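Open the model in your viewer and keep the selection tool at hand. The stops below say what to select and what is there.

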Amino acid sequence: RGLRVSQHVPGPRCALSWLRDGGPSHPLTARPSRRFQDVASISLQGVSKHWDTATALADTTLQIDSGSFTVLLGPSGCGKSTTLRLIAGLEQPSGGQILIDGQDVTALSPAERRIAMVFQNYALFPHLSVADNIAFGLQVRKVPRAEQQRRVDEVAALVGLQALLQRRPGQLSGGQQQRVALARALVSQARVCLMDEPLSNLDAQLRQEMRRELRELQQRLKLTVVYVTHDQAEAMSMADQVVLLNAGRIEQNAAPRELYARPASTFAARFIGTPPMNVVPAAALAGHALAGPAADAKVAAGLSVGVRPESVVVDPAGVAAEVVAAEFLGADTLIETRLGGAPFVLRAPGKVVATAGQTVHVSWRGQDAHWFEGETGRRIED
Ligand code: ADP
Ligand code: MG
């Protein structure tokens with residue numbers, strides 16, 4: 001009553017945004033005919049890291065394929081940077097082994113591991129030209145001058161910096177600076193490229209551009225990249241594999257599509273999606289067909305049910321929810337409600353007029369409901 005909605009076809013529409021990223025084409029960049037350099041797989045076997053008071057990483061086993069883009073995702077303090085630093089050799093594990101291309105590197109120094117780390121501000125020297133920034137590590141290692149020149153030229157061609165080699169970093173765009181940082185990693189013949197929140201200082205639009213560019217380069221050069229972020233949208237749009245960490249443990253390790261479609265826990269369900277999945281106690285559906293079979297047993301066992309906002313439709317036969325607020329976003333409207341006392345958000349296409357205090361009935365398809373154990377929050381397989 002008084003609530004106007006247009007037709008809503010439920011489904012994971014967010015998935016489409018992951019497929020948009022074709023990336024810009026670079027007519028100036030070379031496509032390597034062979035794999036540019038040997039890139040490596042990484043394996044963590046029962047790796048842990050304890051500090052006096054804290055466990056940053058607990059007994060973690062993880063496989064990262066050669067040539068893949070892997071994102072370590074999770075809230076602040078969950079152990080992302082520690083994991084990256086352990087792979088780089090900047091920290092020693094308290095237990096377990098780290099393998100690169102099957103070789104145990106746990107006792108090797110960072111330099112011996114042939115890994116490059118790209119930092120947040122790219123750590124470019126402002127007074128050096130692009131060419132000298134790229135060649136810096138080679139100069140330090142006293143690589144012969146002609147060899148330096150040859151490798152810098154080759155890498156510059158790969159990342160499209162040939163025309164900019166004599167510029168200073170201050171005369172480059174953000175995307176070009178990122179390419180210099182990557183070129184420096186490539187020229188050192190690193191087998192793995194590690195990045196810790198490299199885009200977090202940038203404004204939203206530039207960040208999106210850089211994500212696309214970075215992903216395009218990684219795919220074209222088939223690099224092994226391990227990338228840390230706390231931003232789930234960044235992870236979903238870039239990764240082949242997302243490793244979701246929670247308090248030093250892997251909560252779920254899966255491709256973006258799988259993480260979205262089948263969250264392994266309420267933690268994963270609530271971490272992924274904008275807005276994230278609703279998770280409410282089964283009791284909120286008591287007496288309604290949406291609770292499905294064995295409804296009483298579900299309530300007694302304290303299960304919870306998860307539904308993505310984009311899977312929810314307004315339906316007179318649905319369960320009653322009380323509107324708290326509505327936010328018009330242009331393409332659609334987010335309606336924030338309370339369902340059985342729990343916060344519950346739905347996304348409806350177009351402009352929907354809904355006022356606080358109003359009752360709205362909502363439903364979803366059975367296959368869009370995700371069930372979780374009450375105590376552990378683990379997914380119940382269907
Ligand atoms: P993230 O990068 O996911 O934000 P970190 O890996 O930096 O998390 O940290 C994980 C946990 O380990 C945190 O609780 C942090 O306080 C702790 N930690 C990290 N480095 C140290 C250190 N040098 N000494 C003591 N505790 C640390
Ligand atoms: Mg960190």
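Start with ligand 1 and select the residues around it: Trp51, Ala56, Pro75, Ser76, Gly77, Cys78, Gly79, Lys80, Ser81 and Thr82. A residue counts as near a molecule or strand if one of its heavy atoms lies within 4 Å of it. This shell divides into four nonpolar, five polar and one charged residue. In this scheme Ala, Val, Leu, Ile, Met, Phe, Trp, Tyr, Cys and Pro are nonpolar, Asp, Glu, Lys and Arg are charged, and the others, Gly among them, are polar.

The model is predicted: local features need pLDDT of at least 70, side-chain atom pairs count only at pLDDT 80 or more, and totals for chains, interfaces and linings use all residues. Residues are numbered from 1 along each chain as its sequence is written, chains are lettered from A and ligands numbered from 1 in the order in which they are written, and side-chain values use heavy atoms, with hydrogens and water left out.

Select tryptophan 51: an N or O atom in its side chain is 3.1 Å from a nitrogen atom of ligand 1. Glycine 77 uses its backbone instead, with an N or O atom 2.7 Å from an oxygen atom of the ligand. At cysteine 78, a backbone N or O atom is 3.2 Å from an oxygen atom of ligand 1. Taken alone, ligand 1 exposes 560 Å², and the protein buries 58% of that. Accessible areas come from the Shrake-Rupley method with a 1.4 Å probe; for residues, only the protein chains shown count as cover.

Which helix supplies the largest share of the shell around ligand 1? The answer is α2, with three residues. Helices (H or I, at least four residues) and strands (E, at least two) are DSSP runs, numbered from the N terminus.

Now select residues 80-88, which form helix α2. Seven of its nine residues are buried, so the helix is largely enclosed by the rest of the structure. Buried means under 20% relative accessible area, exposed over 50%, and partly exposed in between (1.4 Å probe, protein chains only). The buried residues are Lys80, Thr82, Thr83, Leu84, Leu86, Ile87 and Ala88. Just after α2, glycine 89 takes a positive phi of about 90°.

Next, go to the largest pocket, with a volume of about 650 Å³. Of the 24 residues that line it, the closest to its centre are Ile115, Ala116, Met117, Arg184 and Ser188. On a 1 Å grid over the protein atoms alone, a pocket is an open set of points with protein on both sides within 12 Å along at least five of seven lines, and lining residues have an atom within 4 Å of a point. Grid points are joined across faces, edges and corners, and a volume is the space filled by probe spheres set on the points. The lining divides into 19 nonpolar, two polar and three charged residues. Select β6 (115-118), α3 (130-140) and α5 (174-187): each supplies at least two lining residues.

Two residues other than glycine have a positive phi and can be visited in turn. Aspartate 101, with phi near 50°, sits in the loop between β4 (95-100) and β5 (103-104). Lysine 142, with phi of about 55°, lies in the loop between α3 and α4 (145-159).

Move on to glutamine 232 in helix α7 (residues 232-238). Glutamine 232 is buried, with a relative accessible area of 13%. A polar atom of its side chain lies 3.0 Å from the backbone nitrogen of glycine 273.

Then select threonine 274 and proline 275, which are joined by a cis peptide bond with omega about -10°. Proline 275 belongs to the loop between α9 (266-271) and β11 (278-281).

End at leucine 290, in the loop between β11 and α10 (295-300). Leucine 290 counts as buried at 15% relative accessibility.

Methods
1 Å grid on protein atoms, 1.4 Å probe; cavity = no way out; pocket = protein on both sides within 12 Å on 5 of 7 lines; lining within 4 Å. Polar contact = N/O pair within 3.5 Å; in protein donor to acceptor, adjacent residues only side chain to side chain.
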